[in-house]
Amino acid sequence: MPHETPDAIIDALSIDCLIFGFQKNELDILLVQHGEGISKGKWALPGGWIKYNESADAAAARILQDLTGVSKIYLEQLRAFGDVQRYPTKRVITIAYYALVKPEAYTLGAGFTASDVKWFKLGDVPSLPYDHSAILHAGLRHLKHKVRHEPIGFNLLPKKFTLLQLQELYEALLGQKLDKPNFRRKLMKMNLLLPCKEKQTDVSHRAASLYRFDKKTYDKLTEKGFTFEL
């Protein structure tokens, strides 16, 4: 039976990974260039087939590492995409996963069926095969909603950061300009930022105060029903 063969793949079920990065105040997406198959030469989301003997979560981690060299990150399941015509030669349903990471923390290395791998600015993303553009847009919509309701963006900042750095991060994640007084007022009202009693150093402009995210306070507040809302 197929499920008794460790390396047998489920050729009607695949994984696609949305790996978002934040660099130079802009949001990036990690893409691989297909080195073989019907989409050879095209840039696409890192993806591949699930094996009979592994979970979807394990498959996502394996495929991402094999294709890009990126490993040991928390991948969250987005949703399944099952349009009948999404794959040109046969019926394939894909499960999309996503993560938000610091690109500088990872060394990229194309492998397996990928001939290249690199970060793209969202405005520079080339034409993607299959329904990968739809998956990317769905991931962006989900990310924009999530960052408004959970403080997931703080892990992209240095341990100590300025309020301007924080605002620029959220503007990149949300894809819009934010009103500075209103943004700062909302954040300070939540009592989730701890002043470091330090200021920036080695800057040409007026040094700004540094803060850090108080995760312990956030965890305690969420246990009581606190809602992060921007």
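## Secondary structure

Helices (H or I, at least four residues) and strands (E, at least two) are DSSP runs, numbered from the N terminus. On that basis, the protein chain of this predicted model contains 5 helices and 9 strands. Read from the N terminus, the order of elements is β-β-β-β-α-β-β-β-α-α-α-β-β-α.

## Basis of the values

The model is predicted, and local features need pLDDT of at least 70, side-chain atom pairs count only at pLDDT 80 or more, and totals for chains, interfaces and linings use all residues. Residues are numbered from 1 along each chain as its sequence is written, and side-chain values use heavy atoms, with hydrogens and water left out.

## Overall dimensions and burial

The C-alpha trace of the protein chain spans about 65 × 40 × 30 Å along its principal axes. Of its 230 residues, 42% count as buried, that is, under 20% relative accessible area (1.4 Å probe, protein chains only).

Contact means heavy atoms within 4.5 Å. Among contacts between residues at least 6 apart in sequence, 66% join residues at least 24 apart.

## Packing of α3 and α4

Helix α3 (residues 163-174) and helix α4 (residues 180-190) have axes that come within 11 Å and cross at roughly 105°. That makes α3 roughly perpendicular to α4, a term covering angles of 65 to 115 degrees.

On the α3 side, the residues in contact are Leu 163, Leu 164, Leu 166, Gln 167 and Tyr 170; in α4 they meet Lys 180, Phe 183, Arg 184, Leu 187 and Met 188.

Technical notes:
Axes fitted to C-alpha atoms, helices over the stretch in contact; angles between N-to-C directions. Parallel < 35°, antiparallel > 145°, perpendicular 65-115°, else oblique. Buried < 20%, exposed > 50% of the residue type's maximum accessible area, 1.4 Å probe, protein only.
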